[in-house]
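Okay, thanks everyone, this will be quick.

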Amino acid sequence: MAIVYEKTKLLTDKPLHYCPGCTHGIIHRLVAEALDELGIQDKTIGVAPVGCAVFAYDYFNCDMMEAAHGRAPAVATGCKRVNPNNIVFTYQGDGDLASIGAAEITHAAARGENITVIFVNNAIYGMTGGQMAPTTLPGQVTTTSPYGRDVNHCGYPIRMSEMLATLDGPAYIARVSVHDVKAIMDAKKKIRKAFEMQIAGKGFSMIEVLSTCPTNWGLTPQEALKWLQENMIPQYPLGVKKEVE
């Protein structure tokens, strides 16, 4: 019998711990497929964050490390500088990267560290109970903004991709989504491109992936995908934000 579909060998057999409808699983597979297709498994090191993806080291079938909250870019920098032939990536949520880790990611990008960052943006703190994050949309209800995010009190959401794209260090920054098949295929292409940029020694690359959080958004998985498309994409437009030739 011909095999027409199988799980990439870059993912382990351990069941994912994510909530039903969470799109972390899709993003994990896209990253793993890119690594598999590029044939770089044996020299890849991933850095897991603090947040919903804190157990990412159980799922990727490559060397993995755990970083303190927000410090994944610093750990990745050390891994890459000790052995520049390593392919190093971080996998971080918006609370990890855009809040407590805002300085770490900014300076890693400014230095042009030759690492790849997978930045999962679901506009909320997922693991700790659904609090407002730096990426929470204006008017969005969270456990710490029960009447909706008031920009006059809390400020505006941070567009991390656009902000980092203004720096000289980054070589490739793009924002993608996983809300439908077409978007998932585009996300896969750009994630692979980010790793190719690192392999070529171009410098810092980051893929921001718009993701859902049905549990903390209070929506069904289907409703969450629609909410992402109708609300998050206008706030966080998709596309390449910077690419160095």
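So, which helix gives the most to the lining of the largest pocket? That's H3, residues 94–100, which puts three residues into the lining. Keep in mind that this is a predicted model.

The pocket itself comes out at about 210 Å³. It has 18 lining residues, and the closest to its centre are Val 50, Gly 51, Cys 52, Gly 95 and Gly 126. If you sort that lining by class, you get eight nonpolar, eight polar and two charged residues.

Now the second largest pocket, with about 170 Å³ of space. Here 14 residues do the lining, and Tyr 18, Cys 19, Cys 52, Gly 126 and Met 127 are the closest to the centre.

Okay, on to helix H7, residues 181–199.

Let's go along H7 from its start. There, a side-chain oxygen of Asp 180 comes to within 3.4 Å of the backbone nitrogen of Lys 182. Buried residues in the helix include Ala 183, Ala 187, Ile 191, Ala 194, Phe 195 and Met 197. Lys 188, Lys 190 and Gln 198 are buried too. And just after H7, Gly 201 has a positive phi, about 75 degrees.

That's my tour, happy to take questions.

Key: Residues are numbered from 1 along each chain as its sequence is written. This is a predicted model: local features need pLDDT of at least 70, side-chain atom pairs count only at pLDDT 80 or more; totals for chains, interfaces and linings use all residues. Side-chain values use heavy atoms; hydrogens and water are left out. On a 1 Å grid over the protein atoms alone, a cavity is a set of points where a 1.4 Å probe fits but cannot get out, and a pocket is an open set with protein on both sides within 12 Å along at least five of seven lines; lining residues have an atom within 4 Å of a point. Grid points are joined across faces, edges and corners, and a volume is the space filled by probe spheres set on the points. Helices (H or I, at least four residues) and strands (E, at least two) are DSSP runs, numbered from the N terminus. Ala, Val, Leu, Ile, Met, Phe, Trp, Tyr, Cys and Pro count as nonpolar, Asp, Glu, Lys and Arg as charged, and the others, Gly among them, as polar. The expected span of a helix is 1.5 Å times one less than its number of residues. Buried means under 20% relative accessible area, exposed over 50%, partly exposed in between (1.4 Å probe, protein chains only). A polar contact is a pair of N or O atoms within 3.5 Å; within protein, one must be able to donate a hydrogen and the other to accept it, and residues adjacent in sequence count only if both atoms are side-chain atoms.
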